[in-house]
Amino acid sequence: MAAQAGSSSAQEDQFLENEEDLFYGAESGWVEARTSCDHLASLSSDLAHIPTPDTACNRCQHPNENWLCLCCKDILCSRFVNKHMLQHYQQSNHCLALSYSDLSVWCFSCDAYLDAQLIPQLRPVYETAYILKFGEAPPFRTV
Ligand SMILES: [Zn+2]
Ligand SMILES: [Zn+2]
Ligand SMILES: [Zn+2]
């Protein structure tokens with residue numbers, strides 16, 4: 001018996017096409033952050049040593065409030081500057097980034113903020129970044 005169902009799935013055409021909307025919540029203060037993410041396997045294995053918060057963008061030398069790629073520890077500017085972090089995600093698929101502006105963690109693949117204090121894999125790098133930025137350990141948050 002020949003089972004040749006000519007099923008063609010058109011799902012693969014549906015890749016992310018709305019990059020412009022990725023940071024929709026960034027300016028409105030607190031936005032809900034996810035407490036899980038399927039992409040944590042791509043985190044760098046050495047996040048104990050990360051560039052300091054005043055490191056310039058590796059592409060355009062924008063001086064501050066850049067993003068740290070949590071996959072390769074590149075420092076790249078935000079979409080409000082020259083979008084180098086966004087371009088990095090589009091080119092390398094590194095989807096996890098920490099903002100040195102407010103220490104929020106964004107997952108491009110989830111299209112969402114991640115709660116770095118509640119996700120065990122993110123908490124160490126969040127604390128490291130916090131110490132680099134403020135010179136002291138972050139306060140414990142009561143949930
Ligand atoms: Zn840049
Ligand atoms: Zn990267
Ligand atoms: Zn994710």
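Reader: Leaving aside its neighbours within four places in sequence, which residues is T128 in contact with?

Author: In this predicted model, T128 is in contact with L47, A48 and I50, once neighbours within four places in sequence are set aside.

Reader: Where does T128 lie?

Author: T128 lies in helix α2.

Reader: Is T128 buried or exposed, or in between?

Author: T128 counts as partly exposed, because it has 16 C-beta neighbours inside 10 Å, whereas a buried residue needs 20 or more.

Reader: And how far apart are T128 and T52?

Author: In sequence, T128 and T52 are 76 residues apart; in space their C-alpha atoms are 9.7 Å apart.

Reader: Let us turn to the overall picture. How many helices and strands does the protein chain have?

Author: The protein chain has 2 helices and 5 strands. Read from the N terminus, the elements run β-β-α-β-β-β-α.

Reader: In what order do the strands of the sheet stand?

Author: The order is β2-β1-β3-β4-β5, in an open sheet of 5 strands with antiparallel pairing. β2 (75-76) and β5 (112-114) each have a single partner strand, so they stand at the edges and one side of each is left without a neighbour in the sheet.

Reader: How many bridges join β1 to β3?

Author: There are 3 bridges between β1 and β3, which run antiparallel. Within this pair, L68 has L98 of β3 as its bridge partner.

Reader: What about β3 and β4: how many bridges are there?

Author: Again the strands run antiparallel, and 3 bridges join β3 to β4. A97 stands opposite W106 in β4. The two strands form a hairpin with 5 residues between them, and L103 in the turn has a positive phi of about 65°.

Reader: Which residue of β5 is the bridge partner of W106?

Author: The partner of W106 in β5 is Y113. Strand β4 (residues 105-107) pairs with β5 in the antiparallel sense over 3 bridges.

Reader: Which way do the residues of β3 point?

Author: L96 and L98 point one way from β3, A97 and S99 point the other way, and all are buried. In a regular strand the side chains alternate between the two faces of the sheet.

Reader: Now the core. Which residues touch the most other members of the largest nonpolar core?

Author: A97 and L98 do, in a core of 29 residues. β1 (67-69), β2, α1 (84-92), β3 (96-99), β4 and α2 (123-134) each supply at least two residues of this core.

Reader: What does A97 touch, not counting residues up to four places away in sequence?

Author: A97 touches W67, L68, C69, L70, M85 and W106 on that count.

Reader: Which residues of α1 are buried?

Author: The buried residues of α1 are H84, M85, L86, H88 and Y89. These residues pack against β1, β2 and β3. An α-helix has 3.6 residues a turn, so residues three or four places apart point the same way.

Reader: What happens just after α1?

Author: N93 takes a positive phi of about 65° there. Most residues other than glycine have a negative phi.

Reader: Where is Q61, and what is its phi?

Author: Q61 is in the segment before β1. Its phi is positive, about 65°, although Q61 is not a glycine. Q61 is exposed, with 9 other C-beta atoms within 10 Å.

Reader: And E65: what is its phi?

Author: E65 has a positive phi of about 55°, although it is not a glycine. E65 also has its place in the segment before β1. With 16 other C-beta atoms within 10 Å, E65 is partly exposed.

Reader: How much of the protein chain is buried?

Author: Buried residues make up 27% of its 143 residues. Among contacts with a separation of 6 or more, 50% come from residues 24 or more positions apart.

Reader: Finally, what is the mean pLDDT of the protein chain?

Author: The mean pLDDT is 85, and 76% of the residues reach 70 or more.

Reader: Where does pLDDT stay under 50?

Author: It stays under 50 over residues 1-28, for which the model has 5 contacts beyond four places in sequence. Where pLDDT is low, the predicted coordinates should not be read in detail.

Methods:
Residues numbered from 1 in each chain as written. Chains lettered and ligands numbered in written order. Predicted model: local features only at pLDDT ≥ 70, side-chain atom pairs only at ≥ 80, totals over all residues. Pairing = 2+ DSSP bridges. Helix = DSSP H or I, 4+ residues; strand = E, 2+ residues; numbered from the N terminus. Core = buried A, V, L, I, M, F, W, Y, C linked by C-beta atoms within 7 Å. Buried ≥ 20, exposed ≤ 12 C-beta atoms within 10 Å, placed from the backbone. Contact = placed C-beta atoms within 7 Å. pLDDT = per-residue confidence, 0-100.
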